[in-house]
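Take a look at the model below.

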Amino acid sequence: MARRITLINVTFTEPASTPLALLLLGQGSDSASERGVDCPGELPPASDPTLVARASAARAALGDRAFVLGHHYQRDEVIQFADVTGDSFTLARNAAARPQADYIVFCGVHFMAESADILTGPEQAVILPDLAAGCSMADMATHQQVVEAWDVLTDAGIADVTVPITYMNSSAAIKGFTGEHGGAVCTSSNAERAMRWAFEQGEKVLFLPDQHLGRNTAVLQLGIGLDDCVVFDPHRRDGGLTRQQLHDAKVLLWRGHCSVHGRFSVENVADVRRRVPGVNILVHPECRHEVVLAADYVGSTDYIIKTLDAAPAGSSWAVGTELNLVRRLANMHPDKQVTFLEKTVCYCSTMNRIDLPHLVHSLESLARGEVVNRIVVEGRVADNARLALDRMLALP
Ligand code: SF4
């Protein structure tokens with residue numbers, strides 16, 4: 001039996017069930033585990049030709065009461081309405097520097113909006129245009145898992161000498177845990193400084209949640225041996241590590257990764273070198289260690305942008321980071337050959353959830369005084385997370 005399904009404003013007929021029928025997004029899954037899949041209100045259709053005009057009108061009506069932040073990985077259709085663009089740290093700082101704005105509209109993902117809420121005043125509302133814009137990496141470290149991991153370290157007698165460092169790309173709960181246990185937040189730009197600072201406070205580092213950034217920083221920037229880094233797998237008993245391994249390791253890497261940057265491989269690097277003579281390979285440190293070793297340049301989003309800005313005309317670049325940014329950089333540098341490191345399309349699907357219909361819905365709702373999709377971090381979690389963020393801001 002076929003049945004009719006209505007999704008927002010689109011009605012279609014689902015074919016009669018077959019063994020190979022595609023699963024609709026969210027159908028048959030645990031809705032309680034999916035943060036914010038409900039999007040209240042009427043979203044304009046994506047094909048509405050007036051969307052740009054509606055966003056412009058709502059933005060103008062809000063004036064200085066709103067401040068729109070756009071992460072580098074956002075779509076161009078959204079970036080055009082951003083008052084500031086940048087990486088997660090730059091955007092959080094910009095949010096904190098706008099106390100006069102009633103509304104911070106964060107075009108990015110959930111953990112970024114959380115950090116903005118922690119760093120802004122209680123009377124300011126941080127808005128995430130689509131509440132389902134999460135981050136697969138951040139979701140790889142839950143608070144419960146990290147508490148249980150800390151118990152393992154405590155039982156092994158090493159928790160007292162271990163300092164947690166969490167990447168900005170983690171939930172407020174993980175940042176709160178880190179702050180509570182004497183640690184700090186870091187970004188891909190200051191991971192080296194954060195890790196050096198941590199080794200001044202203790203003997204070991206627990207790096208959350210991105211094993212690749214942790215490994216690349218420890219090995220390539222601090223000169224720590226690969227063998228001194230072990231991976232703590234939250235899905236295995238005691239992290240899959242023996243007592244001896246826990247005692248011997250200098251860096252405990254959480255088993256998490258970015259599903260976008262984790263796709264790049266050494267085969268991609270070899271392939272592009274074959275296809276483009278003289279190409280420079282430029283990658284983000286969220287890429288796997290072997291990819292970073294095979295590349296010519298490695299650095300944060302900010303570093304990637306500056307490297308291409310400074311590159312001579314006529315030079316060729318294959319860039320291993322999110323595709324929206326690589327395409328924008330290619331358009332900005334028509335005198336240079338800028339290509340994506342992988343052949344297949346690789347957008348960050350959660351970043352891409354923020355589209356023009358969601359932005360219009362948020363801006364128009366705010367313009368008529370209705371606060372939608374607000375992200376709030378409160379109480380001890382916010383206090384402890386602020387502690388970890390402040391320690392990062394105080395890094396030399
Ligand atoms: S690019 Fe990776 S780390 Fe960034 S939001 Fe997407 S999944 Fe998360």
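**Starting from T301**

Leaving aside its neighbours within four places in sequence, T301 is in contact with H72, D87, H284, T321 and L325. Contact here means that two C-beta atoms, placed from the backbone, lie within 7 Å. This is a predicted model: local features need pLDDT of at least 70, side-chain atom pairs count only at pLDDT 80 or more, and totals for chains, interfaces and linings use all residues. Residues are numbered from 1 along each chain as its sequence is written.

T301 belongs to helix α12 (residues 301-310). Helices (H or I, at least four residues) and strands (E, at least two) are DSSP runs, numbered from the N terminus. Is T301 buried or exposed? T301 counts as buried because 23 C-beta neighbours sit inside 10 Å. The scale is this: a residue is buried if 20 or more other C-beta atoms lie within 10 Å of its own, exposed if 12 or fewer, and partly exposed in between, with C-beta atoms placed from the backbone. One of the contacts of T301, D87, is 214 residues away along the chain, yet the two C-alpha atoms are separated by 6.8 Å.

Now the chain as a whole. It has 15 helices and 16 strands. Of its 396 residues, 46% are buried. Take the contacts between residues at least 6 apart in sequence: 66% of them join residues at least 24 apart.

Next, a helix pair. The axes of α3 (residues 88-96) and α4 (residues 110-119) come within 8 Å and cross at roughly 30°. Axes are lines fitted to C-alpha atoms, for helices over the stretch in contact, and angles run from 0 to 180 degrees between N-to-C directions. The crossing of α3 and α4 is right-handed; that is, the near helix is turned clockwise from the far one by less than a right angle. On the α3 side, S88, L91, A92, A95 and A96 take part, and they meet M112, S115, A116 and L119 of α4. By class, this contact has 7 nonpolar, 2 polar and no charged residues. Ala, Val, Leu, Ile, Met, Phe, Trp, Tyr, Cys and Pro count as nonpolar, Asp, Glu, Lys and Arg as charged, and the others, Gly among them, as polar.

Then a sheet. Five strands form an open, mixed sheet in the order β4-β3-β5-β6-β16. Its edge strands are β4 (84-86) and β16 (374-375), each pairing on one side only. Strands pair if DSSP finds at least two bridges between them. β6 (residues 125-127) and β16 run antiparallel and are joined by 2 bridges. V126 stands opposite I375 in β16.

N373 is not a glycine, but its phi is positive, about 50°. N373 is buried, with 24 other C-beta atoms within 10 Å. D238 also has a positive phi, near 55°, and is a residue other than glycine. D238 lies in the loop between β10 (229-232) and α9 (243-248). D238 is partly exposed, with 18 other C-beta atoms within 10 Å. Another backbone feature is the cis peptide bond from L208 to P209, with omega near -25°. P209 sits in the loop between β9 (204-208) and α8 (211-221).

Which residues come nearest to the ligand? They are C135, M137, C258, V260 and C348, out of 13 around it. A residue counts as near if its C-beta atom, placed from the backbone, lies within 6 Å. The shell has 8 nonpolar, 4 polar and 1 charged residues.
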